[in-house]
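Hi there,

Here is the structure I promised to pass on.

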Amino acid sequence: MLRLRPLLSSRKLSLSLSTTTTSSSSSSSSSSSSRFSNPNSSSTLDPSESTKFGKLADSWYPDTEKSKGSLKPPETLKPPPRNPLLEMNPYRISFLLSLLPPPPYSGLPSLDVGAGGGIASESLYNLGMDVTAVEPSLELCNLIKNRLSKIKVHNGPLETLPPPPSPYALTTVFELIEHLPPSSLPNFINNLTEVTGGLIVVSSIDKSLNSFVKCKLAPETIGIVPWGTHEYERFIDRRDVTKMFEEEGWECVKCNGMRLEGGLVGEVKFGWKGRGGVWEEGESGGNWIAGFRKKEEM
Amino acid sequence: MANKMGQISIVGGGVVGLTLLTRLARLLPSYTITLLDGSPKSAPLLSNSDTATQPTIRTYALNKASVETLSKCGLSIEESQRKGEYKSMQVWDSKTPSYLKFDVSDVGADTHSSLGVIVEDDYICGNLEKIASNLSNAKIVKGAQVKKVTSDSVSYSTPVDKTSSSSTSSSSTPNSLNSLDSDLIVGADGFNSTVRTSLNFPLTKISYGRTALISTVKADSDETVGTAWQRFFPGGPLALLPLWGGYYSIVWSTTNDHAEALAEASPSDFLSTVNECIGGGPTPIKFSDGSFLPPPLKSAKNLLDDLVGTMVNGISLINMNEKFGNSKRFEAPPMITELSSPRFRLPLNLQHVDTYHSSSVVLVGDAAHSVHPMAGQGLNLGIADVECLVKCIESSVTTGGAVDDEYALERYSNERRKEVLKMMGGIHALHHVFKEENDLVLTGRALGMSLINMSGTAKRSLARAAMGEP
């Protein structure tokens, strides 16, 4: 399969990392003016992305309750377009559960970075965990608060999160890093490793021709996701992310590709519905999910 | 006619059952025709000239053939003043600018005085029951609960005659079980027919997922406008049918949730929704936005949408100008001011039995077929069933055959299945045409309606099909 050269080569990454890690190691866990060690690095927030997703807040969840009881005749009988993230979520959760000790998880402190509409947060909350959701878009934060009043929601990028009393046992970063400015990725991963004491699970999209067609061209052209949701430039290979974590002293304990089996995601807009697919381990989609833990001191 | 004695049982006391009762009683004076009606009360007897009493809730649209059949029974609809007559019919929808307007002049004003009549169920049933009571061989059993139906007999129970009307405990009243050995059993007991299910007639049933909300309303004047209006929404049509004295009948076939909301709303909310919806005129066509398309394709789609939209809106404007072709002016319905009856709901299904007869049992009316009410043909099909069955039985009996002659019943079944399937297919196709919202169907529908509206020939054939004429 033809694989395009990623924009950021691994060697450039390690060069930039080496300059930042030297400064951070000197002020590791002492209190500083800002919670995270690199206050002057590029912010992990791209404001255009957060406004773009904020606009989709109303259609994040298929809302069938709204029109019930209304006296006006229904404007349209077409069901609202389904968010493909809802279809992906079960596999992501089952992946991270395979890396955690067996249930119960009541009170397990967990952090959902880039929570969006709270799909993963809701699943973790239903499993009993004590979830904190981080989301820079205000509309999406309100959506999460309306649906799940019991979880803590922080409106803002990760670096503005106030320090937790103890590190989180689980951090999930689902479908987020392909929307961050690439130069801020090392800083972002650094921030993740500083707040987490247990497992970090990252899911994103590979950068290859396969993923360009399957995750960018096809869904956006036929209307499964709105046009402009993804940018190919920001897709990131799982090996590059693993390298970034290894610079922080974290290792990848498990990494799987994700693919949709049977049925098409959502409703194809020519009037033909294909639904009911199942996400499972597989390579051809370009999506991947990986779990990272701190390397054991020998 | 033959002097052979026998027994015919009809199950179901609606219009179809009563029509069949009177026709068969006249045709076969030596037979005893018994009609078993589940409802304990008789329909009120409403006089022809009584226009003061408010219209009762259940009404039907009758075509010319049905009116003729009823006059053969002895009930003259033409002389009655208790009916709604419409001379024109207007059909439009909520998503396109086109409309369709028929008039009596389209089918020949000299031969027809109206396109159709709307008559109450109570009026027809009450008068037919009275006519049947004057026929010595016709018997009506009220409150008969059919327990068992076989191909030779019907078993039913009736509550024992209550002499004191003050007693209200019905659970302790013993029922009497009767059995009628019949030469012919007719199932005229509606869409949930017991006769059909007892004998396991194979049934094809497709649920429309819609409910028809029916009610009688009054407009702001005491004169009823002689036009039938029907506006299609994505869920289904809202029909305003004229009665008399300023009264109209509303039949709104819509999604189950919406019908429930309408039925539970306050009368003023309900009426304002009805006025808002039926009062809306043709709206410029709106295509789906291409926001899911990439920008270059999106601008192409927008351009195409503008061109096609302009053409469709333009043709509709031409249509509204009466100078071109045979189009008539768009008429706005009156303002509805009063809800005059409770709101009644019916589930809508497409049903059809595979065969209308099985040994000595035959099905007529809604027991055999159920169509969407949007074309007002349900009862017309049922009454035509009765006419055909009587004709087939007559042809058998006059030539010395039996009442339940196998060939006669099969001829009935074949002929009616053919006609009913034609009508059912047409109505089901219309349901789909007005349900779809995608751009191609909207364009086709808008252009089609406008062009048909401008063509006298097309309108004549459509109107004649709706009126049941060849």
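**The interface between chains A and B**

Chain A and chain B bury about 1600 Å² between them, and carbon and sulfur atoms give 65% of that; buried area here is the accessible area (1.4 Å probe) that two parts lose on being put together, summed over both. Before going further, some bookkeeping: this is a predicted model, in which local features need pLDDT of at least 70 and side-chain atom pairs count only at pLDDT 80 or more, while totals for chains, interfaces and linings use all residues. Residues are numbered from 1 along each chain as its sequence is written, chains are lettered from A and ligands numbered from 1 in the order in which they are written, and side-chain values use heavy atoms, with hydrogens and water left out.

On the chain A side, 17 residues are in contact with 25 residues of chain B (contact means heavy atoms within 4.5 Å). The count of salt bridges between the two chains is one, where a salt bridge is a side-chain nitrogen of Lys or Arg within 4 Å of a carboxyl oxygen of Asp or Glu. Its partners are Lys72(A) and Glu276(B), with the closest N and O atoms 2.3 Å apart.

**The core**

The largest nonpolar core has 102 residues, and Ile393(B) is one of those that touch the most other members, along with residues including Leu24(B) and Leu28(B). Such a core is a set of buried Ala, Val, Leu, Ile, Met, Phe, Trp, Tyr and Cys residues joined through side-chain atoms within 4.5 Å; buried means under 20% relative accessible area (1.4 Å probe, protein chains only). Helix H9 of chain B, residues 378-397, gives the most to this core, with 10 residues (helices are DSSP runs of H or I, at least four residues, and strands are E runs of at least two, numbered from the N terminus). Among the residues that Ile393(B) touches are Leu184(B) and Val403(B).

**Two buried residues in chain B**

Ala367(B) sits in the loop between strands S20 (361-363) and S21 (369-370), and its relative accessible area is 0%. Gly190(B) is 177 residues away from Ala367(B) in sequence, yet their C-alpha atoms are 4.5 Å apart. Ala367(B) also touches Phe191(B), Arg196(B) and Val353(B), among others.

Lys101(B) belongs to strand S6, residues 99-103, and counts as buried at 8% relative accessibility. Its side chain reaches the backbone oxygen of Arg329(B) at 3.3 Å. Other residues touched by Lys101(B) include Asp106(B), Glu331(B) and Asn453(B).

Best wishes

Key
Buried < 20%, exposed > 50% of the residue type's maximum accessible area, 1.4 Å probe, protein only. Polar contact = N/O pair within 3.5 Å; in protein donor to acceptor, adjacent residues only side chain to side chain. Lists of a residue's contacts leave out its neighbours within four places in sequence.
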